[in-house]
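Please read the points alongside the sequence and the structure.

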Amino acid sequence: MSPINNVAVIGASGNFGTPITQALQASGFKVTIVTRETSTTVHPPDISTVRTEYTLEALTKALNNQDAVVCVVGPGGVPLQKTFVDAAEAAGVQRFIIDDFGWGPDARGFPEFDAIHAIRREGWDYAAKKAKDNKNFTWTGLTTGNPIDWAMKKFPLMGFDISKHEAIIYDQGKERFTGTTLEGIGQAVVGTLQHPEETANRFLKVQSIQTCQNELLDAFERITGEKWKVARMTSKELIEKGKEENKACVGGWVLKLAVSHLYDVGQGRGMVAPSRKEADAELLGVKEESAEDIVAKLLG
Ligand SMILES: NC(=O)c1ccc[n+]([C@@H]2O[C@H](COP(=O)([O-])OP(=O)(O)OC[C@H]3O[C@@H](n4cnc5c(N)ncnc54)[C@H](OP(=O)(O)O)[C@@H]3O)[C@@H](O)[C@H]2O)c1
């Protein structure tokens, strides 16, 4: 396999696309942003940007000369993965990073997410089939678990209201989960493209930290130098609320069940790998971060 230099990012202005694009550029890859003709999002002026229709023909043209494609579009764009794969293969792209950045093929999600996962999997399976039939086309999936620094800041329901110094601890606060920071997600993509042989045609397990709510609360209290106000809730209550809202077609269920995925007591749903040793973090160059490192980022 030849070394990878030219990399196109589809979805580069998003929550994860932004740090991925920055990491690729900082690591010396020649990055091109591929964006929708109708996109209103802002892209960095110093990166070459191709605005295109998302048809097979137009995308094939847009991906000409690219060695790799990173597909990191938001949920609305996930059904287009098959078209992206077809275009990448037709343009002679060697590596297609599929749109996982979540819980991977072994996810043990709640059944309410089955339909959403089925659409994601369709794109992944399609890339895998292409690679089977064409040895010049390869794929990688990056299973990153909880995007911990981004999610904790955005969603106080995860248990930490950073502005108020208040916490909600679910059950005993001991349920462990895998977190990958935005820096870790960016590095995972860089590491994949720097190790094309070892990362071909498989999912890799990424982690910056394996932690639990008690460790995070402890870090928040130590760094802020104060006791946080703590409310208690059970994961069972949160799951029930999420499922009721889903049945009643009331918004908010996605977040409740996504948070429950981490804290469903005794289930280990939020674990990507049992330990760092059994993840692919070392191969990808994703550094280990402590609860204090993550809390310092959030408070900073
Ligand atoms: N593990 C987790 O808990 C977790 C959390 C969040 C996200 N994720 C996953 O990470 C991936 C990226 O998510 P994100 O939050 O970074 O995405 P995002 O910010 O919602 O969107 C990223 C980009 O996708 C493009 N896009 C949006 N809607 C589109 C559409 N209908 N058709 C085509 N392109 C569209 C846009 O780029 P342009 O405007 O440039 O076209 C947008 O800036 C997804 O697979 C998502 O499911 C996982």
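1. The model under review is a predicted one. By that criterion, 25 residues surround the ligand, and the closest are Asn-15, Thr-35, Ser-39, Thr-41 and Asp-99.

2. As to the composition of this shell, polar residues number 13. The remainder of the shell consists of eight nonpolar and four charged residues.

3. Thr-35 places a polar side-chain atom 2.7 Å from an oxygen atom of the ligand. For His-43, a polar side-chain atom lies 3.0 Å from a ligand oxygen atom. Gly-74 contributes through its backbone, a polar atom of which is 3.0 Å from an oxygen atom of the ligand. The ligand taken alone exposes 910 Å², and the protein buries 80% of that area.

4. Turning to the proline, Pro-196 is located in the loop that runs between helix 6 (182-194) and strand 10 (202-205). Is Pro-196 buried or exposed? Pro-196 counts as buried because its relative accessibility is 11%, and the cut-off for a buried residue is under 20%.

5. Which residues are in contact with Pro-196, leaving aside its neighbours within four places in sequence? They are Met-1, Ile-4 and Arg-95.

6. Pro-196 and Ser-260 are 64 residues apart along the chain, and their C-alpha atoms are separated by 35 Å.

Conventions: Residues are numbered from 1 along each chain as its sequence is written. This is a predicted model: local features need pLDDT of at least 70, side-chain atom pairs count only at pLDDT 80 or more; totals for chains, interfaces and linings use all residues. Side-chain values use heavy atoms; hydrogens and water are left out. A residue is near a molecule or strand if one of its heavy atoms lies within 4 Å of it. A polar contact is a pair of N or O atoms within 3.5 Å; within protein, one must be able to donate a hydrogen and the other to accept it, and residues adjacent in sequence count only if both atoms are side-chain atoms. Accessible areas come from the Shrake-Rupley method with a 1.4 Å probe; for residues, only the protein chains shown count as cover. Ala, Val, Leu, Ile, Met, Phe, Trp, Tyr, Cys and Pro count as nonpolar, Asp, Glu, Lys and Arg as charged, and the others, Gly among them, as polar. Helices (H or I, at least four residues) and strands (E, at least two) are DSSP runs, numbered from the N terminus. Buried means under 20% relative accessible area, exposed over 50%, partly exposed in between (1.4 Å probe, protein chains only). Contact means heavy atoms within 4.5 Å.
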